[in-house]
Amino acid sequence: MEDIQTIKKQFGIIGNTPALNHAIEIACQVAKVDITVLIQGESGVGKEFFPNIIHKLSPRKQHPYIAVNCGAIPEGTIDSELFGHEKGSFTGATESRKGYFETADGGTIFLDEVAELPLTTQVRLLRVLETGEFIKVGSSKVQKTNVRVVAATNDNMHQSIQKGKFRMDLYYRLNTVPIFIPPLRERKDDIPLLFRRFAMGCSEAYNMPQIELTPEASIMLKNYRWDGNVRQLKNVTEQISIIEKDRLITPEILRKYLPDSNNSMLPVLMSESSSKEDTISMTERDILYKILFDMKAEVNELHATLNQIIKSQNMSDSTVKPLTDAMDNIHPQSEYIYDRIIEQDDKVEQAPYRIETVDNKPTITHKLEAKSAEIDEEPMTLEENEKILIKRALSRHKNKRKAADELGISERTLYRKIKEYDLENER
Ligand SMILES: Nc1ncnc2c1ncn2[C@@H]1O[C@H](COP(=O)(O)OP(=O)(O)OP(=O)(O)O)[C@@H](O)[C@H]1O
Ligand SMILES: [Mg+2]
């Protein structure tokens, strides 16, 4: 077994905390065996070292190593990049082309930002992982390859799976051996070592004296939150080295380079990673708002139409009741959305509609226009609203991907909902 310190030297890895050493140790162990590895950790923690270590210590080291940033390749071309294509298989495919899985035969492919892969590509990837088989885009010929996959992600994969963005079967297939790189704030003892190394690198590169920290500044550096992890520490060290005239860095100087540094001195219980897990993200909230506001417009329209029908058909109470009863039927997922919005933002309270509990179910009630006064305040369930929104988006776009984009949900979730609400038959 390779000595961990030697590996660190070989790959330029700085740090000596048990968590980092443990991650390197696992990488060395799995390198020899042909299994899939998933490297997880926040952005900037140093994930990119690991597929390299695994490849270079493996029997595949003489064969190609290809690193693919899945997040940087447009969705329309990723299948062709990974698996190749036949001539004429799409506009612009003037020649047939080998994909990475063919080129890397015998070697290793590093799939960085694997959570960004579109669902259709995930299906192809699962197949090649399980059987070694793949088919070029536009071909019907099954080809074989022998590639070891190492993947990395800074996403919360469980959330991606829950949201229908990542296949659970593929996650378990990729995650045969997980390697977790902890955030920098959880390996504080590495911070001064990294700082010194980056400061030294700068002083050598620009031929200037190396910066040093006062003991107080050193404590401040160690206690900072480092949301951007080692990447951020490297940038900050380089900025200070170049910009500051003084070579002895005090807390006053350091503070200028650490955004929100006063808060970061709070105990690490405030750590971003734990609060991020529990807090609805800005984008998620934006999407929810968009859905809710669209819902409001849709519901107003629906109520007006319903009111007109009731009036024009002279409907009896017994005919109207099933319609209103249906609206009271709420779906657990809608409850989840409701709970998150209520918890997270009291703006909802000020919105021009209300979310109330009717028969123990969260229900949106709308202040209706005068034209629909007869059914004023009639509650509608979130499920019903969601169904209407989905139907509208589908009829507007005639294309499920675009409809899913408009709704701010994944295509997979849209398919599930179409099935759940039986919308295929209603369209
Ligand atoms: N332990 C370390 N020692 C030396 N340099 C490091 C260490 N960890 C990270 N770095 C440096 O920090 C920067 C960010 O690391 P890397 O690109 O591996 O991050 P990442 O985990 O892949 O992030 P992302 O998820 O954003 O791609 C790189 O310049 C890398 O060399
Ligand atoms: Mg990376």
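The following legends describe close-up views of a predicted model.

**View 1. The surroundings of ligand 1.** Ligand 1 is surrounded by 17 residues. Ile14, Ser43, Gly44, Lys47 and Asn154 are the closest of these. The space that ligand 1 takes up is the second largest pocket. Two elements, helix H9 (190-206) and helix H11 (229-243), each give two or more residues to the shell around the ligand. Helix H11 contributes the most to this shell, with three residues.

**View 2. Backbone contacts to oxygen atoms of ligand 1.** Glycine 44 places a backbone N or O atom 2.8 Å from an oxygen atom of ligand 1. For valine 45, a backbone N or O atom lies 3.3 Å from an oxygen atom of the ligand. Glutamate 48 likewise has a backbone N or O atom at 3.1 Å from an oxygen atom of ligand 1. Of the 630 Å² that ligand 1 exposes when taken alone, the protein buries 85%.

**View 3. Helix H19 and the residue that follows.** Helix H19 comprises 16 residues, 382-397. From its first C-alpha to its last, the helix reaches 22 Å, close to the 22 Å expected at 1.5 Å a residue. Just after H19, lysine 398 adopts a positive phi of about 55 degrees.

**View 4. Buried residues of helix H19.** The buried residues in H19 include Leu382, Leu389, Leu394, Ile388 and Ile390.

Notes. Residues are numbered from 1 along each chain as its sequence is written. Chains are lettered from A and ligands numbered from 1 in the order in which they are written. This is a predicted model: local features need pLDDT of at least 70, side-chain atom pairs count only at pLDDT 80 or more; totals for chains, interfaces and linings use all residues. Side-chain values use heavy atoms; hydrogens and water are left out. Helices (H or I, at least four residues) and strands (E, at least two) are DSSP runs, numbered from the N terminus. The expected span of a helix is 1.5 Å times one less than its number of residues. Buried means under 20% relative accessible area, exposed over 50%, partly exposed in between (1.4 Å probe, protein chains only). A residue is near a molecule or strand if one of its heavy atoms lies within 4 Å of it. A polar contact is a pair of N or O atoms within 3.5 Å; within protein, one must be able to donate a hydrogen and the other to accept it, and residues adjacent in sequence count only if both atoms are side-chain atoms. Accessible areas come from the Shrake-Rupley method with a 1.4 Å probe; for residues, only the protein chains shown count as cover. On a 1 Å grid over the protein atoms alone, a cavity is a set of points where a 1.4 Å probe fits but cannot get out, and a pocket is an open set with protein on both sides within 12 Å along at least five of seven lines; lining residues have an atom within 4 Å of a point. A molecule sits in a cavity or pocket if more than half of its atoms lie within 2 Å of its grid points.
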